[in-house]
2 protein chains.
Amino acid sequence: MIRVAILGYGNIGRAAEAAVNAAPDMELAGIYHHNDSLDDMQADVALVCTPTREVEVFAKRLIEKGICTVDSFDIHTQIYALRQSLTAVNKANNAVSIISAGWDPGSDSVVRALLLAMAPKGITYTNFGPGRSMGHTVAAKAIAGVKDALSMTIPLGTGVHRRMVYVELEDGANVKEVEQRLLNDDYFVHDETHMIVVDSVDALNNVAHGVNMVRDGVSGDTHNQRFAFNMTINNPALTGQVMVSCARAAVRLQREGRYGAYTMIEVPPIYLLAGDEESLIRSLV
Amino acid sequence: MIRVAILGYGNIGRAAEAAVNAAPDMELAGIYHHNDSLDDMQADVALVCTPTREVEVFAKRLIEKGICTVDSFDIHTQIYALRQSLTAVNKANNAVSIISAGWDPGSDSVVRALLLAMAPKGITYTNFGPGRSMGHTVAAKAIAGVKDALSMTIPLGTGVHRRMVYVELEDGANVKEVEQRLLNDDYFVHDETHMIVVDSVDALNNVAHGVNMVRDGVSGDTHNQRFAFNMTINNPALTGQVMVSCARAAVRLQREGRYGAYTMIEVPPIYLLAGDEESLIRSLV
């Protein structure tokens with residue numbers, strides 16, 4: 001049995017716990033909150049379910065204990081730097097990390113890689129939602145006059161998105177002024193954005209999300225090859241599940257002595273799965 | 001540059017040639033027909049584009065020359081046996097084969113593996129077509145009274161398919177008798193099958209194909225996770241392209257000393273792609 005610890009117990013940590021409990025080859029090796037001591041952790045792999053900006057510090061602390069890590073670090077522009085930074089610590093401690101292992105970045109990245117292999121020329125559009133954008137929600141909450149906010153991402157096709165921002169206002173805030181500040185914010189100024197004042201943001205909250213990835217491309221010299229990947233999902237449930245599947249792959253790569261940090265496009269898909277190799281190949285290939 | 005030879009020059013061999021010519025990191029190392037001598041072949045990897053039943057014999061002959069191989073062997077029940085058989089020869093000759101590297105088996109297999117990692121409980125339905133079924137077309141041609149035939153696969157959902165069989169009859173053949181023989185044939189007896197007599201099967205031929213893969217499943221303990229992968233494609237063009245992308249992976253695995261035969265679900269997706277690792281991770285993850 002693979003011993004899996006969970007660090008951070010928000011939406012994703014709770015979803016990861018359910019996925020560990022459902023896995024036939026894993027046992028839960030403890031749930032650790034943000035400020036807990038990690039001294040007593042006895043685990044093969046730890047799922048780092050902290051806020052994304054704290055992933056690197058916590059992952060390094062775990063790797064230094066010889067524990068493999070999985071995270072769903074989601075700042076796309078900083079993924080490669082995280083990979084290089086964790087690779088050095090993993091090599092020094094004979095461990096493996098799988099990073100940015102959610103659905104985007106994560107399983108969507110694998111689909112993008114596969115589509116590129118199938119049709120090397122062409123354009124892939126990733127259309128998100130409808131669903132809550134964490135980054136845009138945090139940005140909207142920071143606007144002066146906003147008490148609470150929810151920013152929904154609405155896909156308009158070809159990678160263009162509308163932002164529907166539901167806000168509760170502070171007492172005495174001027175609607176027009178708040179709206180101007182929101183529309184001019186860096187997070188919103190480039191997209192079609194609508195601000196809607198509501199009595200309760202909490203009443204709207206919902207962790208549903210989705211994606212529609214489309215590629216029209218060229219295989220060899222043949223055009224008009226058309227591909228689409230669609231999903232509608234519970235966001236933290238999918239993120240937690242992908243992290244747990246990647247925990248299995250991290251331990252396998254460690255056993256093979258292939259120490260370092262990997263993104264999901266660098267991992268053989270079969271390593272994500274429970275069950276013996278022969279049965280998996282017979283049933284999936 | 002990776003030197004790629006092509007063995008077999010039918011629809012798939014021709015499509016593979018176009019894909020090699022379009023690849024920035026490959027050069028064509030010769031096209032070999034079925035009965036050509038392979039003595040002079042100087043290649044890093046050979047694409048075995050022969051009929052599927054001849055793949056094993058030709059692949060072994062090439063591996064024994066130290067040349068990696070890629071095939072699109074498509075008899076699902078025999079894939080694992082082929083993998084074991086070629087693995088032994090690869091290990092003895094420091095080579096790598098990637099087998100069953102088309103779209104199904106092949107890229108569809110990777111999608112099935114990924115969906116299982118994302119939602120371990122649930123049912124995946126693979127719906128094929130509309131498009132020509134090679135196996136059913138050959139079976140229809142073998143029916144007494146049939147001069148030429150084309151069997152189209154029509155998806156009805158949940159993995160159920162209708163067979164639309166277009167036939168030219170031999171002179172003097174009785175339509176009702178031919179139809180009875182067809183409907184009772186092992187290939188057709190389990191599916192809804194329609195036989196349609198036409199003047200020219202050749203006038204109907206078309207290499208378009210498609211797939212619709214659907215999974216509704218459970219991530220952790222969360223139900224109603226819904227996924228779909230769809231494509232409409234030129235069949236030999238996609239098969240040839242996937243083989244060429246896998247040729248790149250075969251050479252990479254050989255360079256790493258990981259000799260043996262692999263199905264696509266055992267290969268890191270990034271190995272299929274041209275370009276440097278850092279750029280690929282930055283653009284895809």
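**Entry 1: R248(A)**

I looked up R248(A) and found it buried, with a relative accessible area of 10%. Buried means under 20% relative accessible area, exposed means over 50%, and partly exposed lies in between (1.4 Å probe, protein chains only). This is a predicted model, where local features need pLDDT of at least 70, side-chain atom pairs count only at pLDDT 80 or more, and totals for chains, interfaces and linings use all residues. Side-chain values use heavy atoms, with hydrogens and water left out; residues are numbered from 1 along each chain as its sequence is written, and chains are lettered from A and ligands numbered from 1 in the order in which they are written.

I placed R248(A) in helix 7 (residues 235-255) of chain A. Helices (H or I, at least four residues) and strands (E, at least two) are DSSP runs, numbered from the N terminus. The side chains of R248(A) and D25(A) are joined by a polar contact of 2.7 Å. A polar contact is a pair of N or O atoms within 3.5 Å; within protein, one must be able to donate a hydrogen and the other to accept it, and residues adjacent in sequence count only if both atoms are side-chain atoms. I then listed what R248(A) touches, leaving aside neighbours within four places in sequence: I2(A), A23(A), D25(A), M26(A), Y271(A), L272(A), L273(A) and A274(A). Contact means heavy atoms within 4.5 Å.

**Entry 2: Salt bridges**

Side chains of opposite charge can pair when their charged atoms come close. The rule: a side-chain nitrogen of Lys or Arg within 4 Å of a carboxyl oxygen of Asp or Glu. By this rule I have 30 salt bridges over all chains.

I checked E266(A) with R83(A), where the closest N and O atoms are 2.6 Å apart. E266(A) sits in the loop between strand 13 (260-262) and helix 8 (277-284) of chain A, and R83(A) in helix 3 (residues 79-93) of chain A, 183 residues apart. Are E266(A) and R83(A) buried or exposed? Both E266(A) and R83(A) are buried.

Next came R162(B) and E192(B), a salt bridge with its closest N and O atoms 2.7 Å apart. R162(B) is in strand 9 (residues 161-169) of chain B and E192(B) in strand 10 (residues 192-197) of chain B, 30 residues apart. R162(B) is partly exposed at 25% relative accessibility. E192(B) is partly exposed too, at 37%.

E277(B) bridges to R252(B), with the closest N and O atoms 3.9 Å apart. E277(B) is in helix 8 (residues 277-284) of chain B and R252(B) in helix 7 (residues 235-255) of chain B, so the pair ties together parts that are 25 residues apart in sequence. I noted E277(B) as partly exposed at 34%, and R252(B) as partly exposed at 23%.

**Entry 3: A sheet in chain A**

I traced four strands of chain A in an open sheet, in the order 7-8-9-10, with mixed pairing. Two strands pair if DSSP finds at least two bridges between them. Strand 7 (131-132) and strand 10 (192-197) are the edge strands, each pairing on one side only.

- Strands 7 and 8 pair in the antiparallel sense over two bridges; G131(A) stands opposite T153(A).
- Strands 8 and 9 run antiparallel, joined by 10 bridges; T153(A) has R163(A) as its bridge partner in strand 9.
- Strand 9 (residues 160-169) and strand 10 run parallel, joined by six bridges; V167(A) stands opposite V197(A).

The hairpin of strands 8 and 9 has two residues between the strands, and T158(A) there takes a positive phi near 45 degrees.

**Entry 4: P268(A) and the two copies**

I found P268(A) in the loop between strand 13 and helix 8 of chain A. P268(A) is buried, with a relative accessible area of 1%. Which residues does P268(A) contact, leaving aside neighbours within four places in sequence? They are I265(B), E266(B), V267(B) and P268(B).

The same surface serves both copies, as 100% of the contact residues of chain A recur in chain B.
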